[in-house]
Each structure stands twice: as structure tokens, then as C-alpha cells.
Amino acid sequence: MDPLQWAIDPWEKTVPIHIAWFLIWVAVIAGLLFIIVHAIYARYFAKPKQFGPDAAPVVPAQIPEHVPRHSLTARAFHWIMAVAMFTLLFTAFLPKLGLQFDWVTYHWIAGAVLTLSIMFHIIHASFFMDFWSIWPDRIDLRDARRRTLRFMGKPAPPPERFAKYPLENKLYHAAIIAAGLSAIVTGVFMMFRVRTIFFPRNPYLFSDMTWGMMYVLHGLAGVGLIALIMMHVYFGLRPEKRAITKSMIFGWMDRDFYLKEHDPARWPVETSAVETSAPPARSQGARTEGLTDAG
Amino acid sequence: MAVIRDVMPAFELAQPNSISDAQKLLEQQGEDGWVLAGGMDSFDWLKDRIKKPKVVVDLSGIAELKGVRATPDGIEIGAMTTLTEVVLHPVIREKYKLLAESAELVASPQIRNQGTIGGNVSQDARCWYYRAGWPCYRAGGNICYADTPEGRNREHAILHADRCVAVNPSDTAPALIALDAKFVIRTSKGERVVDAEDYFLGPDIDITRLHILRPGDLLTAIRIPSTWAGAQFYFEKVRDRNVWDFPLVNVASAMVVSSGSIERIRIAVNGAAARPLRLKGVEDAVRGKPPNATTGEMAGKLAVQGAVPLQFNAYKIPLMRNLVKRAIGGVEEATWTPYNGQ
């Protein structure tokens with residue numbers, strides 16, 4: 001069961017040409033297994049989340065009922081990216097599973113939309129949002145250790161409430177960056193092999209080996225995205241994550257959820273009385289710079 | 001790479017004597033099975049050792065697949081009927097001469113004696129990069145060696161290319177489309193009948209096959225309705241030499257003229273794309289018009305709209321345009337129009 005498909009090129013060299021298509025099913029099964037195991041764990045074994053006490057008490061009435069989380073621009077990017085991503089996955093893999101249609105044109109158009117939206121997102125997140133809010137910080141890592149120790153029954157202080165994004169979100173975002181950028185960069189080069197409106201075809205831009213590796217990387221990123229997207233949709237539908245999903249539609253989350261899961265010191269929001277609501281500075285990693293989001 | 005070695009790779013030979021047995025065998029073997037009709041395409045693949053099936057299912061012993069039969073609405077030609085039989089059959093010559101003419105222009109007499117009509121419409125692409133066993137798109141790879149600045153693509157597609165630029169090489173396919181033939185396919189789920197034009201696939205839909213047959217499927221017969229029996233037919237094939245050659249482009253049309261105007265018409269070309277193209281736009285445009293040079297001129301221009309030449313096959317655009325023009329307006333009315341880049 002070779003995960004890659006190989007061929008002999010005209011110069012008698014053995015080169016990879018793409019992934020073996022059974023990896024589609026590997027990704028689907030991996031995604032399903034993760035979902036099943038997590039659902040069983042969450043239903044029967046998971047304990048209620050426990051957080052340490054807030055360093056600074058917050059007066060709930062000073063927090064707006066609707067805590068702004070995602071700007072309209074960020075939400076628009078997310079849903080455009082989602083449509084493009086689903087189009088890419090369906091057009092890439094349904095033909096391999098036997099559903100035949102003219103997929104190439106739709107695929108590269110969706111790829112172009114995704115590429116443009118990601119470029120926009122990088123600029124938007126870098127210069128107009130709190131860029132660092134989506135990257136793990138020291139508190140995340142410390143709390144991850146604490147949560148792991150507590151999960152294993154060892155003594156450890158409870159973790160703090162989350163900043164704007166829980167560590168899981170941040171790690172997922174990093175995985176999506178790795179898979180997405182791999183697919184996009186290789187996909188842009190692969191567009192040199194088909195007729196598009198962007199640039200003239202040049203199938204000899206790289207050697208057969210380089211092209212082969214590019215197709216392999218594109219395929220691996222693609223099947224990886226199948227599993228990642230399955231997980232993303234699963235978590236988006238889970239009841240305890242509904243407030244987060246809702247915020248990606250309406251832009252805000254409920255005050256109760258915000259206070260329950262998030263630390264106003266790590267993710268401050270505008271309050272009705274500035275003089276009393278400003279959280280005190282924290283000793284570790286406290287930031288108050290960003291009121292917007294990183295998608 | 002592609003060297004005829006004479007000694008084929010070892011395979012099991014199955015010789016069923018009924019359609020159902022053949023279909024079951026093919027279904028059992030799936031991708032490992034190979035349908036052997038007249039062998040004119042198969043033996044190239046096998047001797048080149050490019051295709052290495054585990055089981056070859058030889059259809060030559062199935063009587064049901066042979067011969068031409070009358071049906072309540074036309075005729076049915078068994079898929080294993082040889083091209084020579086098609087050419088010589090009196091009913092085909094009388095009522096469906098278009099098919100007889102197209103079959104008579106296939107390859108050489110020896111090949112027509114052995115080659116079958118089912119094989120002729122189901123044969124694989126003749127692109128030499130593909131036939132040489134190079135890992136091109138059609139072979140499951142990720143490149144088209146013909147569609148490059150240096151690629152030898154004089155015989156390749158000018159229309160509907162999508163990564164692969166190989167063309168369908170069949171002569172009888174456009175004639176069957178023009179005659180509104182139906183292809184009868186036996187699958188594991190039973191019998192399926194499709195219009196001739198729907199039997200063929202372009203690379204946009206499936207880059208590895210020229211037709212809709214999947215492993216386990218078997219083309220059993222071709223039915224030609226009487227709708228176009230005795231119509232005004234036109235078939236012309238242009239090739240590099242006058243015998244034993246594939247078409248550069250061919251055209252087939254069936255036309256019914258009433259009171260000096262085209263009442264009904266079906267027209268198809270092959271050699272221009274990966275599947276034979278029925279020119280519906282042309283049919284719609286010329287219906288109701290007189291079948292003369294003016295109409296032919298207009299039809300020819302319409303036919304090649306959207307054509308994109310490769311490095312070495314721009315000549316196919318005026319060639320196809322003039323063939324369509326001659327099919328509509330008649331040879332005597334048509335004049336050769338040089339390619340002007342349009």
C-alpha cells in the first residue's frame with residue numbers, strides 16, 4: 001500500500017506523480033474516528049471545565065450583553081473561505097470517487113478565490129487586527145500543561161480562562177495554515193499546467209521530480225484538509241461550542257459565555273464604565289491591545 | 001519505451017460464449033480485465049507492454065454480438081460485427097450509407113476485415129506520447145507532453161481540450177452520431193441504452209477514458225433508428241495518406257431537404273476533440289436555410305468558434321471549417337478558404 005503513485009518519466013527516472021487515492025478514505029476514516037472518540041469522551045467521560053479564579057473581579061453588568069468577537073469583514077472572509085474550501089474539496093475528490101463532472105475549471109476558480117481571500121486575510125490580520133491573538137502564548141502553554149496533568153489525575157492548579165481563542169482553536173488555525181498554504185502554493189504553481197486566465201501554460205517550469213513532489217504535497221494537503229474540515233464542522237455543531245459558532249454568524253457572543261470561558265484580562269472588551277472595568281495588569285502575558293479579532 | 005516486442009505479457013484468456021458470461025467475467029476482473037474485440041487496438045497495447053491486464057476476455061465466440069438485424073424501428077448492429085460486414089451489408093448501404101461510407105474509410109481492407117464496429121467506436125486515443133507509455137494525464141499522470149511548445153501535436157485537438165489534447169480517432173463515431181444511433185451497454189445493473197453522442201467523454205469529465213464504459217461494462221450493440229434512413233448524407237475524411245490512416249478531421253452529416261430548405265439535419269465531426277462533436281449550434285443555424293455555399297460558409301465559421309490551435313495544428317481550423325462547409329453546401333459549391341487566424 002504505497003501512499004504515493006509513481007511513474008517512469010521519458011528520461012527513465014522514477015518520479016512520484018500524486019498521492020494514492022485510498023488516502024482520501026484514510027482521511028475520512030481518521031476524521032470520523034476522531035469525531036466518534038471525541039463525542040464519546042465528551043458525553044461520558046469529560047469533566048466540567050474548571051478555571052482558576054480571576055485575578056481581578058469583573059462586574060458583569062459592565063460587560064455588554066453582546067460581546068463583539070468577529071467583525072463583519074472577518075466573518076465575510078471566513079464564509080468566503082469556507083465556500084471556496086468546500087468547493088475545492090468536492091471538486092478535487094468527488095471525481096476520484098466516481099462522480100464525474102467538469103471539475104477542473106471550478107477547482108481553479110475556487111482556488112483563486114481562496115488564494116485572494118487568504119491574501120486579504122493576511123494583510124487584514126497583520127495590520128488591522130490583533131495579530132497575536134490567534135497564536136499560542138506562554139499562558140496557553142502553561143495551561144495546556146496544567147490541563148494535561150489534571151487530566152491524568154496529577155495535582156496541578158486549574159488553568160486560567162481563555163483569551164480570545166482557546167489553545168485548541170489556535171492549534172487548529174496553525175494546522176489549517178500549514179495545510180492551506182501548502183495546497184495554495186502548490187496549487188498556484190499547478191495552474192501553470194492548465195489553461196487559466198492568469199498566466200500562460202508552462203508545463204516545463206520545473207523538473208518532473210519537482211512537479212511530482214508538488215502534486216504529492218498538494219494531495220497530502222488536500223486529504224489533510226478533509227480531516228481538518230470534518231473536525232471543524234463537528235466542533236462547530238457541538239452544543240458547548242454553539243456560542244462560538246454563533247459569533248461567526250452574528251459577530252458577537254453572549255456575555256454569560258464570555259464570562260464563563262474567557263478571561264477579560266486576556267481578552268478585554270469595551271465596557272460601559274471604563275473607570276471601573278479596566279482589568280488590572282497581569283504578571284504574565286496580559287495584553288489589552290486588541291479589541292478586534294484575528295478571524 | 002514503446003517498442004513492439006512481439007511477445008505479449010502473460011495473461012489469462014477467457015473466451016465466453018454469451019453476453020452475460022462476458023459481462024460477469026469483466027465485472028469479476030474489474031480493472032484487471034481487458035475486452036478483446038477485433039484486437040486492432042488491443043494488440044498494440046499488449047505488444048507494447050504498456051497495458052498488462054491479468055485477464056483478457058475475448059468476445060469473438062459470442063454469436064449474439066455479431067451481425068446486423070432488422071428491428072421494428074431500424075437496425076441493430078452487433079458490437080462484434082466487422083467493419084467489412086458493415087460496409088457490405090445491403091440494408092446499411094441502401095438506407096444508412098453514411099455509416100457504410102465512414103466504415104469503408106477506416107484503415108485498410110485487412111484491418112476492416114478484423115476490426116469491429118464496437119472496437120472502432122471504443123478504441124483508445126492515438127496520441128503517441130500516451131501510446132508510448134509516458135505518464136501523461138490520460139495515463140494517470142500529471143502532464144500533457146503534447147501540449148507543450150515543443151510537443152508534436154499536429155494531429156491533436158483544437159476544441160474542448162482540458163489538460164489532455166488527444167483526439168478521438170474513430171471514423172464511424174461521427175456517422176453514428178449523425179444517424180442518431182443508440183449504444184446498448186450491458187452493465188452489472190442490466191442493459192443501458194445511451195445516445196451515440198453521450199457514449200463519448202471529454203477529458204473535462206474523465207481524462208483517462210474516451211467513452212463511458214467502466215470496468216465490467218460491455219458495449220453489445222448499436223441501434224440505428226429509421227429516422228434518418230435514406231436522408232441526404234455526407235461523409236468526408238481528411239488524412240495524411242489515402243489508406244490506412246486515422247483522420248486528421250472527418251465530418252458526417254445527415255440532412256433532409258424539403259422545398260429547397262434544410263428541414264432536418266444532424267452533423268458531427270471527429271479528430272478535432274477528445275470526443276466526436278455533434279455540432280448542435282450549426283444544426284440550429286442552418287435549419288430552414290438552403291443547403292448552398294452561403295449556408296455552408298456560415299456553418300463552417302460557426303463550427304470552429306472557440307477553437308484554440310496548438311503549436312502545430314492550426315491547419316485543423318480551416319480544415320474543419322471547410323469540411324463542415326462542404327457537408328452543408330456540397331463539394332461542388334464549396335471553395336477552399338485559407339486560414340486567416342480567425
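Q: In which sense do strand 5 and strand 8 of chain B pair, and over how many bridges?
A: This is a predicted model. In chain B, strand 5 covers residues 74-78, and strand 8 covers residues 218-225. The two strands pair in the antiparallel sense, over 5 bridges.

Q: Which residue stands opposite Ile222(B) where strand 6 of chain B is joined to strand 8?
A: Strand 6 of chain B spans residues 182-187 and runs antiparallel to strand 8. The two are joined by 5 bridges. Opposite Ile222(B) stands Phe183(B).

Q: How many residues of strand 8 of chain B are buried?
A: Strand 8 of chain B is mostly covered. Buried here takes 20 or more other C-beta atoms within 10 Å. Of the 8 residues in strand 8, the number buried is 7.

Q: Which strands stand at the edges of the open sheet of 3 strands in chain B, and why?
A: This sheet has the order 1-3-2, with parallel pairing. Strand 1 (12-14) and strand 2 (33-36) each have a single partner strand, so one side of each lacks a neighbour in the sheet. The edge strands of this sheet in chain B are strand 1 and strand 2.

Q: What is the bridge partner of Gly33(B) in strand 3 of chain B?
A: Strand 2 of chain B pairs with strand 3 (residues 55-58) in the parallel sense. That pairing has 4 bridges. In strand 3, the partner of Gly33(B) is Val55(B).

Q: Why does helix 1 of chain A count as roughly parallel to helix 6 of chain A?
A: Helix 1 (residues 22-45) and helix 6 (residues 208-237) of chain A have axes that come within 8 Å. Angles under 35 degrees count as roughly parallel. The axes of these two helices cross at roughly 25 degrees. That makes helix 1 of chain A, relative to helix 6 of chain A, roughly parallel.

Q: How do the residues of the contact of helix 1 with helix 6 of chain A divide?
A: Helix 1 of chain A brings residues including Leu23(A), Phe34(A) and Ile35(A). Helix 6 of chain A meets them with residues including Val223(A), Met230(A) and Tyr234(A). The contact divides into 13 nonpolar, 2 polar and no charged.

Q: How many residues does the contact take from chain B and from chain A, and how many on the chain B side are charged?
A: The contact takes 12 residues from chain B and 16 residues from chain A. On the chain B side, 5 are nonpolar and 3 polar; the number charged is 4.

Note on methods:
Residues are numbered from 1 along each chain as its sequence is written. Chains are lettered from A and ligands numbered from 1 in the order in which they are written. This is a predicted model: local features need pLDDT of at least 70, side-chain atom pairs count only at pLDDT 80 or more; totals for chains, interfaces and linings use all residues. A residue is buried if 20 or more other C-beta atoms lie within 10 Å of its own, exposed if 12 or fewer, and partly exposed in between; C-beta atoms are placed from the backbone. Two strands pair if DSSP finds at least two bridges between them. Two residues are in contact if their C-beta atoms, placed from the backbone, lie within 7 Å. Ala, Val, Leu, Ile, Met, Phe, Trp, Tyr, Cys and Pro count as nonpolar, Asp, Glu, Lys and Arg as charged, and the others, Gly among them, as polar. Axes are lines fitted to C-alpha atoms, for helices over the stretch in contact, and angles run from 0 to 180 degrees between N-to-C directions. Angles under 35 degrees count as roughly parallel, over 145 as roughly antiparallel, 65 to 115 as roughly perpendicular and the rest as oblique.
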